Amino acid sequence: KRKSLGGLHGYAPDRTEMDTGFVISDCSIRRSVLPRVNLVDIAPTLAQLRGWRLGKVDGEVLPVRLDE
């Protein structure tokens, strides 16, 4: 029986041919290109941009800059 990797939808995250794009749009976000985004980083990033407190999470805030 195949050992489950859990939560990966059938592929390993190191397979770059399975990468996809991530677009975030808001009039206050400065245009930027990030080389790679991890799924666990999206919620903390959105929370920081909106001023929400999530508590302890697995991800990190992405380096998205706001227009001043």
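Buried here means under 20% relative accessible area, exposed means over 50%, and partly exposed is in between (1.4 Å probe, protein chains only). Keep that handy for the tour. You're looking at a predicted model, where local features need pLDDT of at least 70, side-chain atom pairs count only at pLDDT 80 or more, and totals for chains, interfaces and linings use all residues. Residues are numbered from 1 along each chain as its sequence is written, and side-chain values use heavy atoms, with hydrogens and water left out.

Color by secondary structure and you get one helix and zero strands (DSSP runs: H or I of at least four residues for helices, E of at least two for strands, numbered from the N terminus).

Next, select residues 42-50, which make up helix 1, and pick out threonine 45. Is threonine 45 buried or exposed? Its relative accessibility is 4%, so threonine 45 counts as buried. Show what threonine 45 touches beyond four places in sequence: Glu60, Val61, Leu62 and Val64 (contact means heavy atoms within 4.5 Å). Its side chain also reaches the backbone nitrogen of leucine 62 at 2.8 Å.

Last stop: select arginine 15 and glutamate 17. They form a salt bridge, with the closest N and O atoms 2.8 Å apart (the rule: a side-chain nitrogen of Lys or Arg within 4 Å of a carboxyl oxygen of Asp or Glu). Glutamate 17 is exposed at 52% relative accessible area, while arginine 15, at 39%, counts as partly exposed.

Terms used: A polar contact is a pair of N or O atoms within 3.5 Å; within protein, one must be able to donate a hydrogen and the other to accept it, and residues adjacent in sequence count only if both atoms are side-chain atoms.
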